[in-house]
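Student: I'd like to learn how to read a structure model like this one. Could you walk me through it?

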Amino acid sequence: MYLRRITTLLFTLIFTSFLHAAAVTEFLPKNHTYDTSIPTPHNIIGFGLGEKHVRYDQLLSYMTAVSNKSDRIVMTETGKTHQFRSQVLFTISSPKNLANLDRILEKRKNVSNQSKNDPLVIWLGYSVHGDELSGANASMAVLYHLAASTDKQVKQWLDDTVIVIEPSINPDGMDRFVNWVTDHRGSTPNADPNHIEHHQGWRRGRTNHFGFDLNRDWLLLSQVETRNRMAYFHQYQPHVVGDFHEMGADKSYFFQPGVPSRTNPLTPKNAIELTHLLASYHAKALDKKNRLYYSEENFDDFYYGKGSTYPDINGAVGVLFEQATSRGMQIDSVNGLVTLEYGIQNQVLTSFSTIQGAWENREQFKKHQTTFYKNAEKLAKKEKFSGYLVTESNDNYRLTQLLQKLKLHQINAYQLKDDFRFEGKIFKKADTYYVPLAQPKYRTIKALFEQPTTFKDNTFYDVSGWTLPLAMNIEFHEVGRTWGLKLRDNAWKNTKPNQISVPENAYAYAFEWHHFLAPKLLNQLMANNIVAKVATKPFTSQVAGINQAFNAGTIVVLASNQEAQQWQKILINIAAQNNISLSAIYSGLTSKGIDLGSGSFHLIAPINVLLIGGKGVSESETGEVKFYLDDTLNIPVSVIEKERLGKVNLNKYSHILMVDGNYDSLSANTVLNLEIWLNNGGVLFGQKKAAKWLSEKDILKTQFVHKGQIDQLFDTSSLTYADKSDLAARKRIAGAIFNTKIDLTHPLAFGYQNNELPVFRNNNLIMNPIEYPFVNVSTYSDNSLLSGYTDKNLVNRLAQSASLIAHNAGKGRVIATTDNLAFRGYWHGTAKLLSNTLFFGKAFSAKVGN
């Protein structure tokens with residue numbers, strides 16, 4: 001204890017200069033002179049770098065002021081965040097280059113033909129995680145130096161490069177964190193790691209407004225912040241990308257390359273070599289200041305949804321930087337005192353080493369990018385297939401969403417000109433598209449569509465499977481031959497749908513549930529006091545003089561049930577807004593199946609949703625569910641922390657949703673109230689560990705495979721200590737895609753057309769099926785692994801286990817899954833099970849026991 005106090009005192013003395021020397025020049029190279037007309041941070045925000053945490057508005061205010069004063073900077077607003085904060089880029093170069101910026105960017109549309117005189121493009125992105133703010137603070141010093149330095153070296157950089165700074169990739173999360181730290185820091189610095197300043201609430205600054213990790217969204221494009229950036233990223237086509245983060249306080253400083261065996265094989269070898277080249281510059285810069293650092297450990301380059309990996313399949317070299325966090329102003333660590341200022345200094349050092357290394361080797365980076373795109377077509381020709389066929393005939397929304405994501409990635413998809421016969425099936429031209437491999441974004445296409453299941457290294461920092469069409473439940477095929485495949489000349493682009501006239505005097509109106517936005521339409525109707533029913537059996541009615549078949553799950557709005565004024569106009573307008581076709585029916589007598597007055601049409605009751613959140617509950621899964629229901633479907637969701645649950649009148653709510661988390665802290669009285677509410681008619685949904693908790697409380701009438709049974713699947717008799725980490729990786733399902741069989745006749749499956757449904761799981765919880773009929777809604781297939789890594793022992797054990805279970809509980813229903821239904825906002829295929837739980841949770845009856 002005494003030695004620790006001495007050590008802390010020594011580091012306090014060492015870092016005293018950092019605690020008080022907040023002038024921007026203290027973070028910059030020595031012996032530079034600066035243009036005094038360019039303001040410093042202190043001039044604009046009233047305090048120096050690292051003196052306290054800067055809010056996003058202050059950051060933006062300073063950088064805008066510098067941009068207004070400097071002829072070396074152009075500021076661009078790329079869009080707005082969920083909370084309407086401006087997202088901005090600052091382009092820094094010589095006045096001559098900026099005067100020709102439009103021409104430079106126009107030329108970069110064809111980067112396979114670069115000349116020696118074309119500038120190198122460097123993109124520096126800071127603090128995608130809003131509670132890792134050494135990067136955002138460092139961006140002010142970097143901008144000031146590039147704008148104000150009169151040094152010859154800086155002028156050479158700007159003559160030969162275009163540097164893009166994204167000062168805060170996550171403005172909403174940044175301000176959430178800054179407010180926390182500001183609220184909880186004292187007047188006197190406190191480095192105690194246990195102090196509340198270093199321990200955020202349940203909603204951390206790491207994520208965006210909806211709780212999404214934006215550093216997983218580059219490939220998936222589910223969040224507005226990512227989509228806003230993407231067009232500019234591809235417009236600039238950077239050669240080098242710096243991605244600045246923070247990690248645990250007891251670490252030092254990391255820069256890539258990462259673990260060599262965990263690099264995605266789609267990444268060109270030359271990109272890895274250039275990463276090593278840049279690493280020598282980072283090491284030199286940090287050595288000069290006697291800083292601790294490391295590389296080739298912990299972090300990998302496998303999942304392409306991150307800011308440091310997405311560039312690797314887009315002709316650039318992405319580099320991840322990780323600074324030991326102070327998670328506040330300062331914190332004690334095993335390496336001594338870590339201060340915010342110290343972290344800023346390191347991020348500034350590696351920002352400049354990135355620029356220096358890229359500039360000195362600019363011809364190599366240009367050559368890499370040119371070769372990258374020139375080789376794309378050659379690599380495509382070596383494949384055993386020519387492209388992908390994608391088709392979806394029932395839900396234009398999901399198909400359009402897929403096509404929009406491809407377009408944002410600069411991938412062309414072409415609609416069929418004629419129907420196409422392939423593998424014994426006719427693919428209709430109206431809803432089928434072809435994605436050829438032979439295009440500049442060949443590697444991105446492969447990253448989005450391929451389904452790898454075997455890997456060189458079985459340890460993953462993030463997910464191992466993310467296949468886009470599987471996530472969106474869209475049929476796709478590798479196409480080997482293209483004979484007879486006739487395509488439209490122009491690639492797909494989004495167009496406004498044609499509006500179809502619907503009469504206002506029908507006996508009833510119907511719309512199919514297979515539309516992704518059908519739940520949104522239904523909820524909007526009920527919000528307007530329009531009564532709707534669901535068909536629990538199929539039927540056929542005359543529509544415009546022609547027999548039209550309707551599946552179970554069809555929503556029917558009967559004129560005889562309505563009391564709202566002008567309900568027909570409201571219905572027709574809302575359906576048009578959601579691009580959902582309405583069928584006008586003029587008789588209650590159907591041509592086939594149930595008549596419209598049948599009791600097989602169930603009245604849909606209004607819903608009121610409670611989503612349990614709070615400490616111990618997954619912030620990301622809560623955010624995913626809320627994003628799907630609230631943002632996509634416009635269904636209000638009341639998030640209530642579990643510690644407040646016992647004080648809430650549960651009878652107000654029709655549904656309670658529980659995502660992954662630890663619910664053991666719920667009091668016995670709260671659990672009792674939950675069971676009473678359920679038995680009186682509530683619908684309770686549990687996902688992952690929440691489902692297991694419901695099983696342990698005997699609310700869900702099934703058992704889970706326990707850890708010991710999973711351990712027994714693995715023979716450890718001949719393992720050495722060196723095999724320890726590999727064994728842990730084999731027992732883990734970090735994120736993979738599996739096939740399940742779903743009962744299409746069950747109301748929870750309404751809207752699905754295929755009894756095979758891909759699901760995403762990132763846990764090794766295995767739920768045993770219940771030995772009663774009608775309760776196992778979906779089960780895992782034999783050999784179910786579709787994409788990603790899972791040990792064969794776990795794949796075999798998953799076979800025939802339950803994916804989704806639903807049964808009665810008194811007058812209520814309990815529904816549970818081991819899968820993540822709305823994962824990262826792009827799993828449109830299984831998200832529908834959530835809305836089916838809300839609207840059809842009482843449309844079935846399946847008893848367990850007596």
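Tutor: We'll start with the whole chain, then go through a sheet, a helix and some single residues.

Tutor: Some ground rules first. This is a predicted model, in which local features need pLDDT of at least 70 and side-chain atom pairs count only at pLDDT 80 or more, while totals for chains, interfaces and linings use all residues. Residues are numbered from 1 along each chain as its sequence is written, and side-chain values use heavy atoms, with hydrogens and water left out.

Student: What radius of gyration does the protein chain have, and what would a compact globule have?

Tutor: The radius is taken over C-alpha atoms, and the globule rule is 2.2 Å times the number of residues to the power 0.38. For 850 residues that rule gives a value near 29 Å, and the protein chain has 29 Å, which agrees. Its C-alpha atoms fill a box of roughly 90 × 70 × 65 Å along the principal axes.

Student: How much of the protein chain is buried?

Tutor: Buried means under 20% relative accessible area, exposed means over 50%, and partly exposed is in between (1.4 Å probe, protein chains only). Here, buried residues make up 61% of the 850. The protein chain exposes about 34500 Å², with carbon and sulfur atoms supplying 48% of that; the areas come from the Shrake-Rupley method with a 1.4 Å probe, and for residues only the protein chains shown count as cover.

Student: How many helices and strands are there in the protein chain?

Tutor: Both are DSSP runs numbered from the N terminus: helices are H or I with at least four residues, strands are E with at least two. The protein chain has 25 helices and 32 strands.

Student: Now sheets. How do I read strand pairing?

Tutor: Strands of a sheet pair through backbone hydrogen bonds, either parallel or antiparallel. Two strands count as paired if DSSP finds at least two bridges between them. Take β5: five bridges join β3 to β5, and the two run parallel. Gly125 stands opposite Asp243 in β5. β5 also pairs with β7, again in the parallel sense, over eight bridges, and Val240 has Val317 in β7 as its bridge partner.

Student: Which way do the residues of β5 point?

Tutor: In a regular strand the side chains alternate between the two faces of the sheet. In β5, Val240, Gly242, Phe244 and Glu246 point one way, and Val241, Asp243, His245 and Met247 point the other way. Eight of the eight residues are buried, so β5 is largely enclosed by the rest of the structure.

Student: What does an antiparallel example look like?

Tutor: Look at the open sheet of four strands in the order β11-β14-β10-β15, where the pairing is antiparallel. β11 (414-415) and β15 (475-479) stand at the edges with a single partner strand each, so one side of each has no neighbour in the sheet. β11 pairs with β14 (residues 432-436) over two bridges, and Tyr414 stands opposite Tyr434 in β14.

Student: On to helices. How many residues does α13 have, and where is its kink centred?

Tutor: For length, the expected span is 1.5 Å times one less than the number of residues. α13 (residues 362-382) has 21 residues and reaches 30 Å from its first C-alpha to its last, close to the 30 Å expected. For bending, you take the angle between axes fitted to the seven residues ending at a position and the seven starting there. α13 has a kink of about 35°, centred on Ala376. Ala376 is also one of the buried residues of α13, which include Phe365, His368 and Tyr373. What covers them includes β3, β5, β7 and α12, with contact meaning heavy atoms within 4.5 Å.

Student: Is Lys688 buried or exposed?

Tutor: Lys688 is buried, with a relative accessible area of 4%. Lys688 is found in the loop between β27 (683-687) and α21 (689-696). Not counting residues up to four places away in sequence, Lys688 touches Glu621, Asp660 and Asp819, among others.
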